[in-house]
Amino acid sequence: MDTKLRYGFRDTKLVQAKVRQIQKLVTRPWAIMEICGGQTHSIKKFGLDQLLPPEIEFIHGPGCPVCVTSLELIDKALQIAALPNVIFTSYGDMLRVPGSKGDLFSVKANGGDVRVVYSPLDSLKIAQENPRKEVVFFAIGFETTAPANAMSVLQAEAMGINNFSLLVSHVCVPPAMRAILNSPSNRVQGFLAAGHVCTVMGYWEYIPIAEEYRVPIVVTGFEPLDILEGVYRVVRQLEGGTHEVENAYSRLVTYEGNQAAQKVIQQVFEVCDRKWRGIGTIPKSGWKLRDVYLKFDAEHRFDTHSIETQESPLCIAGLVLQGLKKPYECSAFGTLCTPQNPLGATMVSSEGACAAYYLYSRNLESPKMNHV
Amino acid sequence: MSDENQPIDFLGAYCPLPLTHSEQIVIGHGSGGRLSYDLIRSVFATHLTNPLLEQGDDGVALPPIDPEFEIVVSTDSHVISPIFFPGGDIGKLAVCGTVNDIAVMGAKPLYLTAGFILEEGLPVDVLEFIVSSMAKSAEEAGVAIVAGDTKVVERGKGDGIFINTSGVGIRPRSLHISGRNAKVGDRIILSGPLGEHGVAVLQARGDLGFLSDLQSDVAPLNHLIAGALEAGMQDRGNAIHTMRDPTRGGLATTLNEIARQSNVGIVINEAEIPIQETVISVCEMLGFDPLYMANEGKCVFIVDPEGTDRVLKAIRADRYGSKARVIGEVVSDHPQKVLLKTMIGSTRLVDMLSGELLPRIC
């Protein structure tokens, strides 16, 4: 990893020069969606929205896997994690996501064995070391995390580890973009495509979308200069009336992506309809384990009885995820709903739009926020 | 039939001797009886000797203090896992933590007490290493450990060893150091780079899957602080208004506490905040922010602008303060809020840490 981040892609002079280029280019308002929660986080953390001309509006997309994992699945996770013989493993930021009742932290406090891991391969190791326990990994994420999750299943099978399973909630970017563009209330005019997703998948999938919906799509990274370059290219297309797919993250992304990773995903997963928290079911927008790997499917292995879910009636996360409302337009923002006491998932992960607004800018914009 | 008159061949004492349990901690070490006594004699007394501790009574009577001074007391419990980490161990941490809490009050730390909660099965040589480490840190800080206690809990009911330390220090009555005293216009000095303890402990837990040569910054800061206070002396009071060590919750949480206590705004400049490249890299990979990472050998000083240069020079003269920087100032705008001016020219809010630091998914 390049340790000179602070002095390269965050260089003050280069950033300011790129902002000036965008200022010169803009003649009227444009609404641009950054798909990925990591980009939302960067925009708020570095205050990029303050530097850009007021004509540029960011609409924060649904690309935070923690936020869009459905309530039903969170509730299933809570049920499984509370079982006496289970070690439930998860990425750290899932532990605070509220289900209908409580979160994984509260399951842990009540005696459930819930552990934070950094990779599904760590869970596989835990399964090896605890042969009498059932070890479950909460396999959430977009295309970025899918190869490692698929690999854990292949390894478990190769090593004959039978006490390991995945609770799968994989989601995919292109169907979500189509769902947004198909919505009658859509305001998005151009996209910053998620750079990390494209390192795995390439950007061939976006070409028909750009063509069909006549919308510019620019593959974009996560550092301040990356994001500004993405914005610059989208604006250049919007002002020029073109709608192409461009790659502004070429130091990591190629057209065809990581073929080996895509092959592993194809081998283990198949496309399915998936429910997105706050949005609803999007057809063919997720991956589930193929039937041959059913024994590694935690939903199949554990009898999670029917669950009635209950979302907070105040939460407008769905509207935020679709870019129809800004977080501070919610009546609960910063008062009833905070990262310590989240009503909805967008307030939990630092990549969630509500949490990013709360953490980095709640007294910097909108008069309402001065009272927070 | 054997001959009852046949003399019995005595082989020696048959009564089985109890095991000495000198290798690992057992419940009896906390009983207050013989085993406890042996443990105190062989481990604690070997390393922690001073006339006050050697009195051997239930408590200790301390010498009277000058009426121009007031007494400052602080206590802190240490439950760190793992108990050894690059740059230190739980013993060093337990001494430095309380010494620093007393020192940032503007007081000179003099005495510590130490309470040990040991888990059955802890190797005695591990305990001995930790106690010797406490002795070294206490010697460096110039404090005496004057009272102690040991309890043992059953296996599975502790995590090897927990240590509570309480400290007593003295502070001139005329010196007013408090989180309530930050004034508009004051400068903010940070004594060195952020996040080293937090990252070193994450690494020592072994679940990051990578290693660097980074060490925890754990250190007693009382000499550094004494030097800063001396340099800060001026006609009216001291140029230093507030001191605090940004431990758990990091710099961000400490500055938020001060902003709220003093009802002022705080602005810090990202470009001025010292952070090692290793800490930045680890944080970037895990989705952490160095502003929230724990430190155990750093101090934040809020200083009158006129005394800032003198105080900064004194801090930099200390071995633990050579990388000290002025990182920001106290303002009248946005009271109770901390803002960061980023290197790229924007401004963002810096909030308190909310809950536990959680690694991001991607």
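**Figure 1. Contact between domain 1 and domain 2 of chain A.** In this predicted model, 27 residues of domain 1 of chain A are in contact with 20 residues of domain 2 of chain A. On the side of domain 1 of chain A that touches domain 2 of chain A, helix H2 (37–45), strand E2 (56–63) and helix H4 (65–68) of chain A each contribute at least two residues, and H2(A) provides the largest share, six residues. Sorted by class, this side of domain 1 of chain A consists of twelve nonpolar, nine polar and six charged residues. The domain assignment places domain 1 of chain A at residues 10–311 and domain 2 of chain A at residues 317–371, and the centres of these two domains, taken over C-alpha atoms, are separated by 20 Å.

**Figure 2. Chain B as the setting for the next two views.** Chain B contains eight helices and 13 strands, and its C-alpha atoms fill a box of roughly 105 × 60 × 30 Å along the principal axes. Of its 362 residues, 48% count as buried. Among the contacts in chain B that link residues at least 6 apart in sequence, 84% are between residues at least 24 apart.

**Figure 3. The crossing of helices H1 and H3 of chain B.** The axes of helix H1 (residues 34–47) and helix H3 (residues 124–141) of chain B come within 8 Å and cross at roughly 20°; because angles under 35 degrees count as roughly parallel, H1(B) and H3(B) are described as roughly parallel to each other. The crossing of H1(B) and H3(B) is right-handed.

Figure 4. B:His197 lies in helix H4 of chain B, which spans residues 196–204. With 29 other C-beta atoms within 10 Å, B:His197 is buried, since a residue counts as buried if 20 or more such atoms lie within that distance of its own C-beta atom. When residues up to four places away in sequence are left out, B:His197 touches B:Ser216, B:Asp217 and B:Val218, together with B:Ala294, B:Asn295 and B:Glu296. A further histidine, B:His29, is 168 residues from B:His197 in sequence and 32 Å from it in space, C-alpha to C-alpha.

Note on methods:
Residues numbered from 1 in each chain as written. Chains lettered and ligands numbered in written order. Predicted model: local features only at pLDDT ≥ 70, side-chain atom pairs only at ≥ 80, totals over all residues. Domains from an automatic or database assignment. Contact = placed C-beta atoms within 7 Å. Helix = DSSP H or I, 4+ residues; strand = E, 2+ residues; numbered from the N terminus. Nonpolar A, V, L, I, M, F, W, Y, C, P; charged D, E, K, R; others polar. Axes fitted to C-alpha atoms, helices over the stretch in contact; angles between N-to-C directions. Parallel < 35°, antiparallel > 145°, perpendicular 65-115°, else oblique. Left-handed = near helix turned anticlockwise from the far one by under 90°. Buried ≥ 20, exposed ≤ 12 C-beta atoms within 10 Å, placed from the backbone.
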